[in-house]
Amino acid sequence: MIKGLYEAHLPVSNLEKSIEFYKKMDLEIAYQQENLAFFWIEKGKSWLGLWETDKVQTPYHPSLRHVAFRIDREDLKNIKGWLEERGIAVSTSFGFPPEKQPLVLPNNPQAHAALYFKDPDGNSIELIAPLRIDFEEEFKMMTLEEWERHNKT
């Protein structure tokens, strides 16, 4: 029955400023009204809702103010340059500074490479690509560069 995730939502303090930020990531506005904008993530399949609200003052926690966008594995090598061209800075995450990202998340039996940054309101945005699915292997979090040296994939 379930085919995928259709929508996710984030609080923002200034909708117009947030619209400009998400447009930098080449997302297309699907719908907009006074205090709400939806952006297509994948047109007709998934979208992100941005709500202008004072709830943006809720302290950050990944269960409340975090969205991860899937990217292709091939794009990992160029993703920091792509963000830099748009004036978006990579954030330190899990103790890994920007220059050490993308990092590889050890969610055994899955492995994903990810990179993190913040939107104008401090919401955590993640770009993530699957590396291995259903593959039993214990390992510690590491840089993608370390992963590739170790795995030669």
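Q: Is Glu-137 buried or exposed?
A: Glu-137 is buried, because its relative accessible area is 18%, and the cut-off for buried is under 20%. Keep in mind that this is a predicted model.

Q: And which residue does Glu-137 form a salt bridge with?
A: The partner of Glu-137 is Arg-132, and the closest N and O atoms of the two are 2.6 Å apart.

Q: Is that Arg-132 buried or exposed?
A: Arg-132 is buried, with a relative accessible area of 18%.

Q: How many salt bridges does the structure hold?
A: There are 8 salt bridges in the structure. One of them joins Asp-72 to Arg-70, where the closest N and O atoms lie 4.0 Å apart.

Q: What about the accessibility of those two, Asp-72 and Arg-70?
A: Asp-72 counts as partly exposed at 38% relative accessibility, while Arg-70 is exposed, its relative accessible area being 58%.

Q: Which residues are linked with Glu-85 in a network of salt bridges?
A: The network links Glu-85 with Asp-26 and Arg-86. Within this group, the side chains of Glu-85 and Arg-86 meet at 3.5 Å, taken from N to O.

Q: Are Glu-85 and Arg-86 buried or exposed?
A: Glu-85 is exposed, with a relative accessible area of 66%, whereas Arg-86 counts as buried, since its relative accessibility is 17%.

Q: New topic: what order do the strands have in the open sheet?
A: The open sheet has 5 strands in the order β5-β8-β7-β6-β9, and their pairing is mixed. The strands at the edges are β5 (66-70) and β9 (142-143), and because each has a single partner strand, one side of each is left without a neighbour in the sheet.

Q: What holds paired strands together, in general?
A: Strands of a sheet pair through backbone hydrogen bonds, and the pairing can be parallel or antiparallel.

Q: In which sense do β7 and β8 pair?
A: Strand β7, which covers residues 110-118, pairs with strand β8, residues 124-132, in the antiparallel sense, and 8 bridges connect them. Across this pair, Tyr-116 stands opposite Glu-126 in β8.

Q: Last one: which residues gather in the patch of negative charge?
A: On the surface, that patch brings together Glu-16, Glu-20, Glu-34 and Glu-52. Glu-52 belongs to strand β4, which runs over residues 46-52, and at 31% relative accessibility Glu-52 counts as partly exposed, because that class lies between the 20% and 50% cut-offs.

Definitions and conventions:
Residues are numbered from 1 along each chain as its sequence is written. This is a predicted model: local features need pLDDT of at least 70, side-chain atom pairs count only at pLDDT 80 or more; totals for chains, interfaces and linings use all residues. Side-chain values use heavy atoms; hydrogens and water are left out. Two strands pair if DSSP finds at least two bridges between them. Helices (H or I, at least four residues) and strands (E, at least two) are DSSP runs, numbered from the N terminus. Patches are made of residues with over 30% relative accessible area and no salt bridge: like charges are joined within 9 Å, nonpolar side chains (Val, Leu, Ile, Met, Phe, Trp, Tyr) within 5 Å. Accessible areas come from the Shrake-Rupley method with a 1.4 Å probe; for residues, only the protein chains shown count as cover. Lys and Arg count as positive and Asp and Glu as negative; His and the chain ends are not counted. The place of a charge is taken as NZ of Lys, CZ of Arg, CG of Asp or CD of Glu. Buried means under 20% relative accessible area, exposed over 50%, partly exposed in between (1.4 Å probe, protein chains only).
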